[in-house]
Amino acid sequence: MPTIALVDDDRNILTSVSIALESEGYRIQTYTDGASALDGLRQSPPDLAIFDIKMPRMDGMELLRRLRQKSDLPVIFLTSKDEEIDELFGLKMGADDFIRKPFSQRLLVERVKAVLRRFAPREAGPAREADAKAIERGQLVMDPERHTCTWRGEPVTLTVTEFLILQALAQRPGVVKSRNALMDAAYDDQVYVDDRTIDSHIKRLRKKFKVVDTSFDMIETLYGVGYRFRET
């Protein structure tokens, strides 16, 4: 079963969430601050991590920023109802999902399962054959089975959500994808996000590609309609 890292300075939350996830068969790593978590995540990478935002020594945002320098580990944030700005900032930094406190243990478990499904390698078989094949669009190469992406031969590290959004666009160059269509491609039915979430992911995708190619302009915006991958 997958291993999940929990990072929260509230030991009551660590205990209750650990019990809920362990009852589903997951292995659990726990950390009470961001600094110790960063070391632990690098030494023993889990399959998914759950971060609280406000923590001593290093908060969840800084932990995610440092983690994203070398890792595309799926990350779920725990936030309070009054932290909408933090949610938007977290999405721009590469968070995969948010759960607002207070939350039910069942909701948390279902969100964890949803993110892990998005990150898991595609199953073999005719129904998955199209998704599993490597995608080559000009200088872009994506391998869904290995979760790798390159542009002009240079690796581009993407989160689960970013990869799925780009994959949906690149599969049909020139075809406009609405925000709703991209949400369907990247998120489980039980995860609810708004338009700003997709916009934040697109902005981050463009930024990552411009790191390896400052002239990258393959993702086009059609205002009021959606996005498309430019035909080559």
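A crossing of two helices is right-handed if the near helix is turned clockwise from the far one by less than a right angle, and left-handed if the turn is anticlockwise. Keep that in mind as we walk through this predicted model, since the crossing of α7 and α8 is right-handed.

Let's begin with the whole protein. It has nine helices and 11 strands. Of its 232 residues, 48% count as buried. If you take the contacts between residues at least 6 apart in sequence, 59% of them join residues at least 24 apart.

Is Gln29 buried or exposed? Its relative accessible area is 18%, and because the cut-off for buried is under 20%, Gln29 counts as buried. What does the side chain of Gln29 meet in a polar contact? The partner is the side chain of Tyr31, at 3.4 Å. Looking past the neighbours within four places in sequence, you will find Gln29 in contact with Thr3, Ile4, Ala5, Leu6, Leu41, Ser44 and Pro46.

One of those partners, Leu41, leads us on to helix α2, residues 34–43, where Leu41 is among the buried residues. Together, the buried residues of α2 pack against β1 (3–7), β2, β3 (48–52) and α3 (60–67). At the N-terminal end of α2 sits a cap, Asp33, with a side-chain oxygen 3.1 Å from the backbone nitrogen of Ala35.

Now follow α2 across to α3. Their axes are 10 Å apart and the packing angle is about 25°. Angles under 35 degrees count as roughly parallel, and α2 and α3 are therefore roughly parallel to each other. α2 passes α3 in a right-handed crossing. On the α2 side, the residues that meet α3 are Gly34, Ala37, Leu38, Leu41 and Arg42; on the α3 side, they are Leu63, Arg66 and Leu67. By class, this contact of α2 with α3 has five nonpolar residues, one polar and two charged.

The next pair is α1 (residues 11–22) and α5 (residues 105–119), whose axes come within 10 Å and cross at roughly 60°. That angle makes α1 oblique to α5. Here too the crossing is right-handed, as α1 passes α5. From α1, the contact draws on Ser16, Val17, Ala20 and Leu21, and from α5 it draws on Gln105, Leu108, Val109 and Val112. How many charged residues does the contact of α1 with α5 have? There are no charged residues, alongside six nonpolar and two polar.

Finally, we come back to the pair from the opening. Helix α7 (residues 160–170) and helix α8 (residues 179–186) have axes 8 Å apart and pack at an angle of about 125°, which makes α7 oblique to α8. Thr161, Leu164, Ile165, Ala168 and Leu169 of α7 make the contact with Leu182, Ala185 and Ala186 of α8. These residues divide into seven nonpolar, one polar and no charged.

How values were computed. Residues numbered from 1 in each chain as written. Predicted model: local features only at pLDDT ≥ 70, side-chain atom pairs only at ≥ 80, totals over all residues. Heavy atoms only, no water. Buried < 20%, exposed > 50% of the residue type's maximum accessible area, 1.4 Å probe, protein only. Polar contact = N/O pair within 3.5 Å; in protein donor to acceptor, adjacent residues only side chain to side chain. Contact = heavy atoms within 4.5 Å. Axes fitted to C-alpha atoms, helices over the stretch in contact; angles between N-to-C directions. Helix = DSSP H or I, 4+ residues; strand = E, 2+ residues; numbered from the N terminus. Parallel < 35°, antiparallel > 145°, perpendicular 65-115°, else oblique. Nonpolar A, V, L, I, M, F, W, Y, C, P; charged D, E, K, R; others polar.
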